[in-house]
Amino acid sequence: MTTDVLIVDDDELIRVGLRAIIDAQPDLRVVGEAADGAEVPPLVAKLRPRVVLMDVRMPAIDGIQATRRLLATSADPPRVLVVTTFANDEYVYEALRAGASGFLLKRARPAEVVEAIRVVAAGESLLFPAAIRQLVGAYAGPGGDRLASARLTEREGEVLRLMTTGLSNTEIAAELVVGVETVKTHVGNVLAKLGVRDRTQAVIAAYESGFVVPTG
């Protein structure tokens, strides 16, 4: 199954480099490019990509605003993978809070670019959990009682704690000695109760609420 990718970056050189890396893979395909965040919603509606590589800093509509607009206007939005120069950047954190599923450094090696796209497209594990933990520790404000109001069961809470470490469903199943399908059900319940669309937003909610304390 081929994963379709849309590249959004105001730097043409970056777009050309990412296209070359992605199109060299048999399971990935670039279906379009954009130089500004304003172009994203109509292109997504037309091209239906599975993943959007979104530059976080653009001169007109940046990646944060573009991500918000995309999730607000698309009935079935793609996964957003933020592309950034600096990992410890408040722009990256705000993009993740806006709904991005992960981030990727512009200096990443080709193999890392490919793996990041595959991870985000699959949506089963958290991309760079340690880096996201550092971002939360640096920039997160109080998240209120979001976890309390979600009324997670004890097992759902265990699953969420393991999600914050970046474990996949298979790894969580091994840790809890249960079936993978059982874990998938718990993960789905956690996302639904928190009102989030993927693991990254669930993990951010866990940190911001104090349910899990970021360390390191």
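This report describes the overall build of a predicted protein model and then some of its helices and residues.

## Basis of the model

Because the model is predicted, local features are given only where pLDDT is at least 70 and side-chain atom pairs only at pLDDT 80 or more, whereas totals for chains, interfaces and linings use all residues. Residues are numbered from 1 along each chain as its sequence is written, and side-chain values rest on heavy atoms, with hydrogens and water left out.

## Overall build

The protein contains eleven helices and five strands, where helices (H or I, at least four residues) and strands (E, at least two) are DSSP runs numbered from the N terminus. Its C-alpha trace spans about 50 × 35 × 35 Å along the principal axes. The radius of gyration is 17 Å, which agrees with the value near 17 Å that a compact globule of 216 residues would have; this radius is taken over C-alpha atoms, and the globule rule is 2.2 Å times the number of residues to the power 0.38.

Of the 216 residues, 50% count as buried, a term that means under 20% relative accessible area, with exposed meaning over 50% and partly exposed lying in between (1.4 Å probe, protein chains only). Among contacts (heavy atoms within 4.5 Å) between residues at least 6 apart in sequence, 69% join residues at least 24 apart. The accessible surface comes to about 10,000 Å², of which 52% belongs to carbon and sulfur atoms; such areas come from the Shrake-Rupley method with a 1.4 Å probe, and for residues only the protein chains shown count as cover.

Helix 11 (residues 199-208) is largely enclosed by the rest of the structure, because ten of its ten residues are buried; among them are the charged-type residues Arg199 and Glu208. At the start of this helix, a side-chain oxygen of Asp198 reaches to within 3.2 Å of the backbone nitrogen of Thr200, and the helix is followed by Gly210, whose phi is positive, near 85°.

In helix 4 (residues 90-98), the buried residues are Val92, Tyr93, Ala95, Leu96 and Ala98. These residues pack against helix 3 (63-73), strand 4 (79-84), strand 5 (102-105), helix 6 and helix 11, and helix 4 is followed by Gly99, whose phi is positive, near 130°.

## Ser125 and Ser168

Ser125 lies in the loop between helix 5 (110-122) and helix 6 (129-139) and, at 25% relative accessibility, counts as partly exposed. Leaving aside neighbours within four places in sequence, Ser125 is in contact with Val119, Gly166, Leu167, Ser168 and Arg199.

Ser168 is placed in the loop between helix 8 (154-163) and helix 9 (169-176), and with a relative accessible area of 14% Ser168 is buried.

## Asp4 in strand 1

Asp4 is found in strand 1 (residues 3-8) and counts as buried at 14% relative accessibility. Its side chain is joined to that of Arg29 by a polar contact of 2.8 Å, that is, a pair of N or O atoms within 3.5 Å, of which, within protein, one must be able to donate a hydrogen and the other to accept it, with residues adjacent in sequence counting only if both atoms are side-chain atoms. Beyond neighbours within four places in sequence, Asp4 is in contact with Arg29, Val31, Pro49, Arg50 and Val51.
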